[in-house]
Amino acid sequence: MTTTQPPNDAPNDSPENAPENGEPNSGAASATDRPGLGQSAVAGLLAAGSALAAGELAGSLAAPVPGPVIGVANRVIDLAPQWFVEFGKSVFGLADKPALVLGTIIVSLVFGTALGVASRRRAAIGMGGIAAFGLVGLIAIGTDAQGSWIAAIVVSTVAVAAGIGALRLLIAANVGEATVQSGLRPPTNSTSTVPSPADPPVSRRSFLNWAGVVGATVAVAAVGSRQIRSRSSAAQARDAIDFTATTADSASTEIETVVSRAASGPVGSTPGITPLVVPSNDFYLIDTALTTPQVDPNNWSLTIRGLVDNETTYTYDELLDRSDTIAPVTLSCVSNEVGGDLVGNAIWRGVPLVDLLEEAGVKPEATQIASRSVDGWSCGFPTEAAFDGRTALVAVGMNDEPLPLKHGFPARLVVSGLYGYVSATKWLAEIELTTLDDFDGYWIPRGWSKLGPVKTQSRIDTPGNGQQIEAGSELAIAGVAWAPSTGIAKVEVRIDENDWMEADLGESLGPDAWRQWVVGWEATEGQHIVEVRATDESGETQTPDFAPPAPDGASGWHRIRVMGV
Ligand SMILES: Nc1nc2c(c(=O)[nH]1)N[C@H]1C(S)=C(S)[C@@H](COP(=O)(O)O)O[C@H]1N2
Ligand SMILES: [Mo]
């Protein structure tokens, strides 16, 4: 029994007997009573795992407060130099955030493993290391936009206690004589502090048992914390919203008619073309949030402040009641490459931003509309954009439903003709009227342009780049083109730099939404270059000049290669 039962008290300092000055013979027990290298490493690894899992569990109970993993990863995002962020995106693409979370966990576990090995010499190294580890978590959570110092102290104390507890337990289970030192002297065991040759297998078994118990507990806590976070009050509150009863109904019926006509029409029914309205589940996602902010609309309000006559505040219900504007708007990310898919068209529902601004009374010196999210992200655009007649909404709905959590529930900004990074704040918390000089949004000091008007673009959805096509038969070349707030007037396609052919345009949802287009071409054998360009309603044709996304959006014509066989 004593062999599988670890001490319920850890050794005070098992390596006490180990040589402290490097002399192998300075202690009677010498190296023989030191925990095995592999077992120490596993003990450290599991101690770090215990600290992380316990911290995550504590954090999830205090949601939306982040746990240590997300807290640290958030700080990495904030503090990382631009090249690191770019590198992450180039290697992991849209999986850059999961990769960062995984990286944070791996670095922590490697650190723990090293601590476990180091604590063979001095147990204090392990304990101190875990405490230092806890301090990093404390600072990360305390400085997080969704964290607080009280939560940070509680979460990191729980994490450190779990980490140190696990380490002591496993070191105790690992050291044969630990049982003796801690006073739990097994009746049949030797009283000597020097293990007998029979001890190693005994302690090994006990160690493995306890490592298994700790490992399983870590796994349960980690899964549990995720589970708790996902069953959030935000998702429940969203499910409970009655989204149908509104004066916006007739507008949305009209849009639905156009959308369904488009889907069966000659352009929209082209196989492989992007739908006129992208379902919310397929809509591109870009944000700096490592976990989706969980906002309970019942404890949320939007404040408009700064250079205004009177600061105003709106509850969710007030905004929902007033959300009678329905607008198809194509949203695009400045990071979208020519031909890329970080762009989408959705039907947004909300309150015109101008109405809310007029209630607050914008002072003449306010040249910038800044906004912040509950998770501390921010952006800003010139005040004119809210007053020049373009579509600019505080949106509560997307495609006939309350905003999905990932797309900014309970409310976000949608401003036609501006890239998301300067305008489209999700999980909106406040709007501040300020000046262009006085405030820079999140991405501006990170190398992106202060102003972010969307560049007119067109994309070939089908055929795909490099695709083989059937020579001698009619090929449908189709895609989408957008010039939000101006509208698309014309789309042209050319093959192998021959004359431009004008494409047929699909149904129009207004100047803010993209247009589907199609052009037929009798394919011939061999390799061909297909290019597309759009002209907007002001008569401006898309520039052929190539520009990368940074700093103010990609330009150039989308160009693909096909092979006729
Ligand atoms: N809170 C918050 N809002 C944000 C962002 C963000 O990182 N955090 N990213 C912006 C960017 S860069 C874009 S392109 C759009 C994308 O919106 P979507 O994820 O709903 O497509 O959201 C914008 N709003
Ligand atoms: Mo973006």
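At what angle do the axes of helix α2 and helix α4 cross? I looked this up in a predicted model, where local features need pLDDT of at least 70 and side-chain atom pairs count only at pLDDT 80 or more, while totals for chains, interfaces and linings use all residues. Residues are numbered from 1 along each chain as its sequence is written, and side-chain values use heavy atoms, with hydrogens and water left out.

**Helix pair.** I find that the axes of α2 (residues 68-79) and α4 (residues 96-118) cross at roughly 115° and come within 9 Å, with axes being lines fitted to C-alpha atoms over the stretch in contact and angles running from 0 to 180 degrees between N-to-C directions; helices are DSSP runs (H or I, at least four residues) and strands likewise (E, at least two). I note V69, I70, V72, A73, V76 and I77 of α2 in contact with L100, V101, T104 and I105 of α4 (contact means heavy atoms within 4.5 Å).

**Cores.** I looked up the largest nonpolar core, which has 86 residues (buried Ala, Val, Leu, Ile, Met, Phe, Trp, Tyr and Cys joined through side-chain atoms within 4.5 Å, buried being under 20% relative accessible area with a 1.4 Å probe, protein chains only). Strand β7 (residues 392-398) gives this core its largest share, six residues. L319 touches W300, L302, Y314, V351, L356, V394 and V396, not counting residues up to four places away in sequence.

**Confidence.** I record a mean pLDDT of 87 (the predictor's confidence in each residue, from 0 to 100). Over residues 1-32 the pLDDT is below 50, as I also find over residues 177-202.

How values were computed
Chains are lettered from A and ligands numbered from 1 in the order in which they are written. Buried means under 20% relative accessible area, exposed over 50%, partly exposed in between (1.4 Å probe, protein chains only).
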